[in-house]
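This report covers a chain pair and its domains. Look over the model first.

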Amino acid sequence: MNELLNILKDNARYEVKDLALLLNEEEEEVKDQIKELEDNKVIAGYHTIINWERADVEISKAIIFVNCVPERERGYDRIAERIARFPEVEALCLISGKAEFLLRVNGRNMREISNFVAHKLAPTEGVNGTETMFILKEYKIHGIDLGSISEDNERLPVTP
Amino acid sequence: MIFDEEINQVVRNLKPSGIRKFFDIAVKKKNVISLGVGEPDFITPWHIREEAINAIEKGRTFYTGNKGLLELRQGICSYYKRRFNVEYDPEDNCIVTVGGSEAIDIALRTIIKQGDEVILPTPAYVAYAAIIEMAGAKVVELELKEEEGFKVTPEALKAVLTPKSKAIILNYPGNPTGGIMTREDYAKIVPLIKESKIFVLTDEIYAELTYEGKHCSIAEFDEIKDRTVVINGFSKSYSMTGYRVGYILAHKELIDMILKIHQYVIMCATTPCQYAAIEAINNGDKDVEEMFLSFKQRRNYIVKELNRIGLKTHMPQGAFYVFPSIRCTGLSSEDFCNKLLEEENLAVVPGDAFGKAGEGFVRISYAYSLDQIKKAIEKLEDFLKKYGK
C-alpha cells in the first residue's frame, strides 16, 4: 500500500496496468487498493501542477499569517473551518511561532487578494491580526522545479 | 602497425571490451534508444554534490593520506558494520580507491603472480579477465548456469580448483546477470575455499541493490575472512559513478601490501570526491532507499514485459540488469544485438561480451525512465515478431 502511494505521490497519471507491473501485482488488486485509499480519504485528491506564468495567465498568490484567539473547548478548529471555506484559500495550517495560522491564497490579482483580506479574512470572528506577503516569483512548487535549475544529466549511451 | 613488436604482447593481445565495440556503433547511429548503460539514471543527490562543491570552495584540494581521509574510512567501516554486520578497523583494514576498478586491479596485482590461476565465474563484468591477464595469471572460467540462478555451487567450484588456483572472484549481486548469493549459498562453498586456501575477491558494488532479503557479504564467514578482500564503492548505491570513489576492506597484512601499489600508482583518491563520499555514507541512507525502490519497480516491470513478449527472463535478485535468454530466436548474441540495433535502433549488450557462458543471452539495463523502457519493449516486440519462434 505504501509503495503504491510512493509511486502515486510523484505521478498520479500512471495507468493501473503499469502500476500492477511495477508493483508485481494483479491489476484488479491495484484497482481495489486505489479505491480503498480514495474511499478512506488517504488519497485526498488529484490535481495538476501548473506553471501559470508560462501559460500567460495572470494570477496572484500570497502567504498570510493569521493571529487569532482560540475558543474554549473548540480550540482553533472552528476558526479554521470558517477560513478554509473561502475558495481563495489554497492551503491552511496551524503553526507554531509568531502566528496561529499560515494561509496560501490565490487571486486573479493583488487587489482581489487585498479585498479578500480586508473584507473576508480580517473581519472573521476570532481573527485579531493578519500579515500578508505577496509572492513575487515561484521557483519550485509541489516539489517540481519551474526552470530555475539547469542540469545536463548526460550519460553515455553505452558503458560497461 | 609501427609498434607491433615493441608493445607489451599481453596488452597487444587483450581483447577490447565487447561493450566498447558496440558503443562505437551505437553512438554513430541517430535516434538510438539504448538500454546499455551500466550506471544509475539518478543525478547524484544534491546534498552530496554540495559537499564536493564545498570542499573545493574551502580549498580542500590537497592530497590526502594514501589510505584516504580517516573520517571517510570510519564512515565506510561503520557502514559495513551497520548494514552487513562485518567489522573492519578504519586504520588497519581500509583503503579508499579511485572507484571499484582501481580496487580490483591493485588487490589482484597484490595477490597473484605469473602462472597462477584465478577462478572467474562467468558471465562476468568485463574488467576482471583483462586485469587478471595483465597481472600474468590465467583466467579459469567457472560457467554459471541460468537454471542455478547464476550462483557458484560447490560442485562447479570443485571442478575448476587446481593446485595452481590462487583466488576466486565473486561479484554478487552480479553484473550482468543480476544473480545473488545468499548466506546459505555461501555456506556451501566456504569450506572448499578454506580447504583450498585460495583468496576471495568479493566485489560488492551492487550490495544495496539486493531485492529479496538482505545482502550477505562472504566476509561474514570468520573462517575465511582473513583471505577475503571486499571491494565496494559509491558509484552504484549513491549514483556517484563519475566521482570515482571506491574502497577495499581486508586483513591488515593484505592492506599493507595493496597500499604499496596504491601509493605509487595513485597516491590517493580525489580529495573533493572523498568529502562528497563522507556525506553520502553518513547521510545517504534515504537516497539509497529511494533509488532501491525505483529500481525494484522497474525490474518488476521489465521482467514481466519481457516474458510477455516471449523472451524468457528470470527475475534477477540484484543489480539493475536483466539477462534474458535469446535462444528462441536462434540468433547468436552478437547477431541479435547487431540486427536489433540495425533494424529497431535499440541497443542492448550481447551476453558473450561477458564471457562465453554469456552466449545465448543479452544484457538489458533498466536504469532508464519508464517511458524509455516502454519504447524499448515495443521495439523488442516488433523485432521478436520477425525473429521469434
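The text below treats domains, then contacts.

This is a predicted model: local features need pLDDT of at least 70, side-chain atom pairs count only at pLDDT 80 or more, and totals for chains, interfaces and linings use all residues. Residues are numbered from 1 along each chain as its sequence is written, with chains lettered from A and ligands numbered from 1 in the order in which they are written.

Two residues are in contact if their C-beta atoms, placed from the backbone, lie within 7 Å. Within chain B, 35 residues of domain 1 are in contact with 35 residues of domain 2. On the domain 1 side, α2, α12 and β9 (321–322) of chain B each supply at least two residues. Helices (H or I, at least four residues) and strands (E, at least two) are DSSP runs, numbered from the N terminus. α12(B) gives the most to this side, with seven residues.

Between the chains, 24 residues of chain B are in contact with 16 residues of chain A. On the chain B side, α2 (18–28) and α12 (285–308) of chain B each supply at least two residues. The largest share of that side, six residues, comes from α12(B).
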